[in-house]
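Please look over the sequence and the structure first.

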Amino acid sequence: MRSAPVDGAALEYDRTGSGAPVVLLHGWPGDRTDHAEVAALLAGDADVVVPDLRGFGGSDRDPGGDHALAAQVRSVVGLLDELGFPDAVVAGYDIGSRVAQQLAAEHPDRVRAVVVTPPLPGAGRRVLEPQAQREFWYQAFHQLELAERLVDGRPDAVRDYLAHFWNHWSGPGFTPSDARLDHLTARYAARGRFTASVGWYRGGSGTVARALVEQPPETPLPTPAIVLWPEFDPLFPREWSDRVGEWFGAADVRPVDGVGHFVPVEAPELFAAAVREALAGG
């Protein structure tokens with residue numbers, strides 16, 4: 001299915017199940033199929049909507065378009081309006097986590113609860129430490145025209161580039177299948193698609209850019225938040241969870257052992273269970 005455009009950009013999305021509304025948001029370098037197993041597990045309990053974010057998958061992908069945080073939130077609000085959802089449980093990882101959090105901050109009446117994995121606010125200047133910079137190099141690389149020339153429109157380069165992150169960021173018990181990497185390569189390989197996807201970083205929405213300027217609100221957000229913090233995410237060590245409460249007053253931070261960055265893909269049963277708990281009100 002395809003949404004009405006917001007700012008000229010339409011979202012492609014899947015919808016399944018019936019019940020209370022749930023919106024599942026993917027990350028980079030993925031697409032809405034990252035949540036396929038989670039959506040199937042929730043379909044008996046909820047009306048599950050899984051969009052491709054702006055600049056990704058089957059959604060509109062203008063390489064020079066606005067794919068940063070504020071624009072992503074506008075698109076999700078537009079989708080909620082179009083579907084007639086007064087509110088929803090919103091869950092996401094990576095970019096999808098940031099969009100869910102910002103949606104709750106800007107439109108608290110539209111978000112019953114969030115279920116998210118890192119990134120969360122509070123990293124601060126720790127992103128500049130040597131170990132962090134060894135992991136976050138790609139966010140600076142994505143600012144360069146060189147990234148387009150080396151990767152964009154080159155299927156072999158796209159597959160190698162995406163495979164690096166899917167292998168390096170995953171936990172030790174998970175290896176992305178060839179079918180998964182082939183699917184994502186097809187989504188990112190056409191001319192302009194990789195460039196559109198990194199518009200998130202070029203728009204200043206990446207962790208390094210945000211961590212150096214974000215300040216906690218005077219009053220932490222009251223929206224219930226289940227935060228699933230994985231054991232083996234090289235980007236976000238668990239000690240970075242120490243300030244979540246400054247932004248979210250009702251945050252339940254839970255360690256997730258044995259899992260890497262891609263929690264909905266690596267541990268869909270656990271992620272779905274957390275969403276189900278949020279639907280039930282904790």
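How much space lies in the largest cavity? The answer is about 90 Å³, and a search of the whole structure finds 1 cavity of 30 Å³ or more.

The model is a predicted one, in which local features need pLDDT of at least 70 and side-chain atom pairs count only at pLDDT 80 or more, while totals for chains, interfaces and linings use all residues. Residues are numbered from 1 along each chain as its sequence is written, and side-chain values use heavy atoms, with hydrogens and water left out.

**Cavity and pocket**

Rolling a probe the size of a water molecule over the atoms shows where empty space is left. On a 1 Å grid over the protein atoms alone, a cavity is a set of points where a 1.4 Å probe fits but cannot get out, whereas a pocket is an open set with protein on both sides within 12 Å along at least five of seven lines; lining residues have an atom within 4 Å of a point. Grid points are joined across faces, edges and corners, and a volume is the space filled by probe spheres set on the points.

The largest cavity is lined by 15 residues, of which Asp-94, Pro-119, Gln-139, Trp-200 and Thr-207 are the closest to its centre. Helix 3, helix 5 and helix 10 (199-202) are the elements that give two or more residues to this lining; helices (H or I, at least four residues) and strands (E, at least two) are DSSP runs, numbered from the N terminus.

The largest pocket has a volume of about 220 Å³, and among its 14 lining residues Gln-102, Ala-105, Pro-121, Arg-210 and Trp-247 are the closest to the centre. Helix 3 (residues 95-106) supplies the largest share of the pocket lining, 4 residues.

**Backbone features**

Most residues other than glycine have a negative phi, and most peptide bonds are trans. The table sets out the exceptions described here.

| Feature | Value |
|---|---|
| Trp-28 to Pro-29, cis peptide bond | omega near 0° |
| Pro-118 to Pro-119, cis peptide bond | omega near 15° |
| Asp-7, positive phi | near 55° |
| Asp-94, positive phi | about 55° |

Pro-29 sits in the loop between strand 2 (20-25) and helix 1 (36-42), and Pro-119 in the loop between strand 5 (111-116) and helix 4 (130-135). Asp-7 belongs to the segment before strand 1 (13-16), while Asp-94 is in the loop between strand 4 (88-92) and helix 3. Asp-94 counts as buried because its relative accessibility is 5%, where buried means under 20% relative accessible area, exposed over 50% and partly exposed in between (1.4 Å probe, protein chains only).

**Two helices**

Ser-75, found in helix 2 (residues 69-83), also counts as buried, at 3% relative accessibility. The side chains of Ser-75 and Arg-54 are joined by a polar contact of 2.6 Å, a polar contact being a pair of N or O atoms within 3.5 Å, of which, within protein, one must be able to donate a hydrogen and the other to accept it, and residues adjacent in sequence count only if both atoms are side-chain atoms.

In helix 7, the buried residues are Val-158, Tyr-161, Leu-162, Ala-163, Phe-165 and Trp-166.
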